[in-house]
Amino acid sequence: MSATSASSGGLVQTFNRNKLSWVGIVLFMVLCLIAIFAPFVAPYGPIDQSVMTRMRPPSMEHLFGTDAFGRDQFSRAVYGARISLSVGVVSVFLGMSVGGLLGVLAGYFGKRIDTVIMRSMDVLLSFPTLITGIVIVALLGPSLTNVIVAITVTLIPKFARIARAPTLAVKERAYIEACRAMGFSHARIILFHIVPNILTEILVMASLWTANAIMIEAGFAFLGLGVRPPTPTWGGMIREGFEHIFQAPWMSIFPGLCILLAVLSLNLIGDGLRDALDPRLKQVRDMG
Amino acid sequence: MTDTVLQVRNLTTSFYIGGEWHPAVRGVSFDLARDETLAIVGESGCGKSVTVMSIMRLLPEAGSRIEGEILLDGVPIGTDPEAMQKLRGDRMAMIFQEPMTALNPVLRVGFQVAEPLMQHRGLSREAAMEEAVRLLELVGIPSAKSRAREYPHQFSGGMRQRVMIAMALACEPEVLFADEPTTALDVTIQAQVLGLLEDLRHDKGMGLLLITHSMGVVAAVADRVAVMYAGAIVETGPVDKIFAGPVHPYTEGLLRSIPRPDRDAQDIYSIPGAVPSIDKMPKGCRFAPRCPLKINRCETVDPVLVEITPGHFAACLVRAGEPS
């Protein structure tokens, strides 16, 4: 661990050597750009209906075909990227901040604080993600904010666990003892000395769980618990297409492909990061 | 050497092991003056480091108990954890044995030297960084300004120890504890680092408490020496007196076991046996099982420090006798 964090130059190199992780980064960047510049990318409005062009198969005019209301599926998918990506990124960021902090506090202070924090995390973890999410959305009502809240809540205990373990290891290091000998406050030790040392490990998980969050969001939307129609979301589009799956399979296939691309890109990034950060794998590579 | 900065009185530190409290440090008392170097010498496990950790209150609270009185500038310290945190790094600082691991690998060296100033002096980041560069120059790091932006792995062992010294000196402490500061360094670098510590101690008028297991280091830099065995000081006094005429058989053994280039390796003396473990301490004099001069009384009576000549104390029933 100290070797990897000490040589950040080597880290970038290892990451670079992994071509697939660059594919992931480029793919994810493209998706982000599409989401940001959706109004310029989409040829039609996402909720513009046209009775004349209902359930048209993919063509040059409508790349992904049209749905039962004659809405352009490509434009809807482009706008849907906004929802999916922002839910993924925002909820993982929130979950990482809150859960990571709780985990670091639990690991650093130990004893009763550790027990209280980690047992509450265990309680949250004991419910399946989807069930927790459904309960929260059912209680708060379906909306973009509530979907983010629901996913964040399910992510917090996972990040707490991921942050606690390396904190336990780092806090025994000589330099943390040196910090105490220099009379640094707990806040300073945690923020400046522990967090930078465990951040890399947390970021790997963050990239993988962003993919997960996107899938959960799609799952919610599919179940009708997500953002209310007519706002387009990938999960919602699959749900709408589901009713016409035999007459117009493109209605579900294309949003499904979008989810696949987003999840794939994030997983490739996560794999690349993990390979670059895992000292054991690095050793094997150096020998070979 | 009259201006006492640190007084330790009857310091006893016990650890809770296997359902019982065992003292690792027993009844240790000493004074440290400004601009003075006191060396604490002893084998591994004799309680040198625990003594310092007890003074700094760096031992884990659970399973340890610290008794006795510690006065910094005549004021008792060491009960309130928050007050101790403010003292540490500000008025008393510490240098560790392992410069390789005592610096945070992910932070720039300059920032780490600047941190104590931000913590204790409330300096802004910019001001503290400037001061850090000055400190790095002070401890003899060439082109300090650019090296301050580097990471610890770009520094050699000796240079890292200099960085540690710069960190410790940042707030101009009155007392500096150096826990085997040169053990991990090679001999030529040792001499440089010890020389640097001595110079800085003199410039700043600090009290320097040097922990070491090397009599050579003691001879080179210390003014006074305290020899520790099994948690207690067995002999203490000015360096020249102790080296010229050691009283305690343990001190004698330590001095005889210094390797010398004009003698063969086989001729190096080694004290028979090992330090008894903390839960199996003998009853009387704890050195008795290894002592060539042992008499029957040694096994029942625990000797106390007796003044031999002014400033020179030893605890040995045979050589120093019992207090009248």
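I'll talk about how chain B meets chain A, and then about a nonpolar patch on chain A.

Quick housekeeping: this is a predicted model, where local features need pLDDT of at least 70, side-chain atom pairs count only at pLDDT 80 or more, and totals for chains, interfaces and linings use all residues. Residues are numbered from 1 along each chain as its sequence is written, chains are lettered from A and ligands numbered from 1 in the order in which they are written, and side-chain values use heavy atoms, with hydrogens and water left out.

Okay, the interface. On the chain B side, 26 residues are in contact with 18 residues of chain A, contact being heavy atoms within 4.5 Å. Together the two chains bury about 2100 Å², 59% of it on carbon and sulfur atoms; that's accessible area, with a 1.4 Å probe, that two parts lose on being put together, summed over both.

How many salt bridges are there between chain B and chain A? The count is one: Arg188(A) with Glu115(B), 2.9 Å from N to O. The rule is a side-chain nitrogen of Lys or Arg within 4 Å of a carboxyl oxygen of Asp or Glu.

So which parts of chain B touch chain A? α1 (48-56), β6 (92-95), α3 (109-120) and α6 (157-169) each supply at least two residues, and α3(B) gives the largest share, six. Helices (H or I, at least four residues) and strands (E, at least two) are DSSP runs, numbered from the N terminus.

Last, the patch: Leu33(A), Ile36(A), Phe37(A), Phe40(A) and Val41(A) make a nonpolar surface of about 520 Å². Patch residues have over 30% relative accessible area (Shrake-Rupley, 1.4 Å probe, only the protein chains shown as cover) and no salt bridge, with like charges joined within 9 Å and nonpolar side chains (Val, Leu, Ile, Met, Phe, Trp, Tyr) within 5 Å. Helices α3 (19-36) and α4 (38-41) of chain A each supply at least two of its residues, and Val41(A) sits in α4.
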